[in-house]
Amino acid sequence: MENKRKVSYFYDAELGDFYYGPTHPMKPHRVRMAHDLIVRYDLYKHLQVYTPVPCPFDDMCSFHSREYLEGLKSVDAPKSGDKRTDKAQQERLRNDFNLGVADCPVFANIFKYCQAYTGASIGAAVQLNYGQADICINWAGGLHHARKGRASGFCYINDIVLAILELLKYHRRVLYLDIDVHHGDGVEEAFYTTDRVMTVSFHKYDGEFFPGTGDLDEVGAGPGRYYAINVPLSDGMDDESYEGLFVPIMDSIMANYQPDAIVLQSGADSLTGDRLGKFNLTIQGHARCHGHMMRYGLPLLVLGGGGYKIVNVARCWTYETAVLTGQAASMRADMPPNEYYELFKPDHSLFIPKDDAMANENSRTRLDQLRTTILENLRHVRPVSGDAAVTPSIPAAAAAAMAKQQQAATRQRWESTPSPSDPSGARGSASGGRWSEDEEGGEGGMDDSGDTSN
Ligand code: V1D
Ligand code: CA
């Protein structure tokens with residue numbers, strides 16, 4: 001079937017040069033490997049390709065604290081030269097912001113790295129807001145653990161929260177779906193008390209596996225109760241058991257919540273053979289999530305995330321780019337010649353087999369129980385009107401600037417056609433968009449998202 005949807009793809013050629021360090025599992029280079037395969041498979045012919053604009057510091061303030069951002073930025077500045085001062089500064093970064101620890105090392109040009117992947121996700125959201133694309137892809141994004149004032153789990157800036165905030169300027173309800181093997185805790189926390197964003201995460205959960213959260217009974221709070229969904233799973237999840245949960249849960253969410261836009265975090269550490277994850281999904285099983293979510297025909301932002309067997313990450317995101325552009329049927333399993341051909345030995349195949357020796361530790365009874373409980377919780381979910389603005393733990397100065405912008409903006413209801421103040425498609429500032437401004441429900445309904453203090 002020919003896919004007529006406009007797909008934008010954001011890629012920064014320098015992103016692959018950023019380096020967490022030799023022993024760290026996160027390798028930004030995997031995005032360059034995926035890009036090379038995407039090009040060699042001729043998928044670029046079905047994409048609008050963009051180089052992202054780096055995210056300015058002030059736009060990051062829509063979610064992150066200025067104090068944290070200044071700490072993160074200071075890392076790239078030259079050291080004082082005084083040993084004691086430098087040591088004290090290092091300690092402060094570690095204690096206050098979790099920067100410089102094994103999971104979140106400080107590395108060269110770290111702030112530039114954050115600006116690059118975040119600029120791409122926000123730029124993508126702006127394109128979806130303006131109807132310039134139907135689907136946007138940023139494989140370098142999806143860093144779902146970062147908090148307002150602290151780095152966590154290889155993530156420094158939460159590009160997802162920032163992109164969702166951008167989408168909320170034009171969309172009443174945003175669905176966030178996270179198929180990384182880890183719990184999408186940073187995004188969940190940011191929107192835990194609002195019904196304007198529904199967060200859904202499928203992940204491994206045993207109380208210990210990082211980040212240790214995401215049990216079935218974590219469902220949201222206050223107005224956000226039942227608008228956070230967690231699917232806690234055990235090792236060995238295979239394509240069939242995954243689909244058996246995914247399809248009924250997502251169909252019920254779509255029917256009950258009726259979102260206006262979808263953000264899909266496509267962490268590839270849920271694939272079989274990953275270095276950190278122990279699921280048993282094939283690339284086709286992982287990509288079935290994309291195929292399924294595409295069918296709803298809503299604006300769709302697809303982001304990367306985890307994924308630590310980098311050849312498989314490159315394979316997976318290439319195939320998913322094909323699915324999103326309607327080209328899956330034309331993908332040959334045998335790879336075309338490419339820059340990293342040798343690394344794809346022995347078979348140079350785009351696909352990977354399921355591990356038949358791996359046990360699926362998710363019993364049928366447990367899977368049925370998960371599905372039943374989640375579908376029962378979903379009976380409480382409604383397509384909320386979206387009249388109240390969402391302010392996820394933003395600093396007071398940014399809130400004041402946002403309120404000023406809102407007053408100046410033309411009164412606009414969600415039903416009307418967007419008429420962007422900047423139709424050029426340049427990245428919008430996170431404080432300059434059009435929020436719902438209803439006389440009754442407007443600013444009076446602010447801050448239903450909860451203050452996610454650290
Ligand atoms: F194995 C390692 C080697 C070097 C440095 C870190 C790790 C490592 C593996 N797993 N770190 C982890 C996880 N951290 C812990 C810590 C031990 N406690 C003190 C915490 O277990 C973090 C895993 C992060 C996963 C990130 C992600 O895949 O979800 C992701 N998504 O988008 C981007 C990254
Ligand atoms: Ca997840």
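Modeller: Arg364 is exposed, its relative accessible area being 52%, where exposed means over 50%, buried under 20% and partly exposed in between (1.4 Å probe, protein chains only). Helices (H or I, at least four residues) are DSSP runs, numbered from the N terminus.

This is a predicted model, in which local features need pLDDT of at least 70, side-chain atom pairs count only at pLDDT 80 or more, and totals for chains, interfaces and linings use all residues. Side-chain values use heavy atoms, without hydrogens and water, residues are numbered from 1 along each chain as its sequence is written, and chains are lettered from A and ligands numbered from 1 in the order in which they are written.

Salt bridges that share partners join Asp36, Arg40 and Glu339 into one network. Within helix α1 (residues 29-40), Arg40 and Asp36 are 4 residues apart, so about one helical turn separates them. Their closest N and O atoms are 3.2 Å apart. Asp36 is buried at 12%, whereas Arg40 is partly exposed at 36%. Arg40 also meets Glu339 in a salt bridge, at 3.6 Å from N to O. Because Glu339 lies in the loop between α10 (310-324) and α11 (364-377), this pair ties together parts that are 299 residues apart in sequence. Glu339 is exposed, with 56% relative accessibility. By the rule above, the count comes to 16 salt bridges.

Conventions:
A salt bridge is a side-chain nitrogen of Lys or Arg within 4 Å of a carboxyl oxygen of Asp or Glu. Helices (H or I, at least four residues) and strands (E, at least two) are DSSP runs, numbered from the N terminus.
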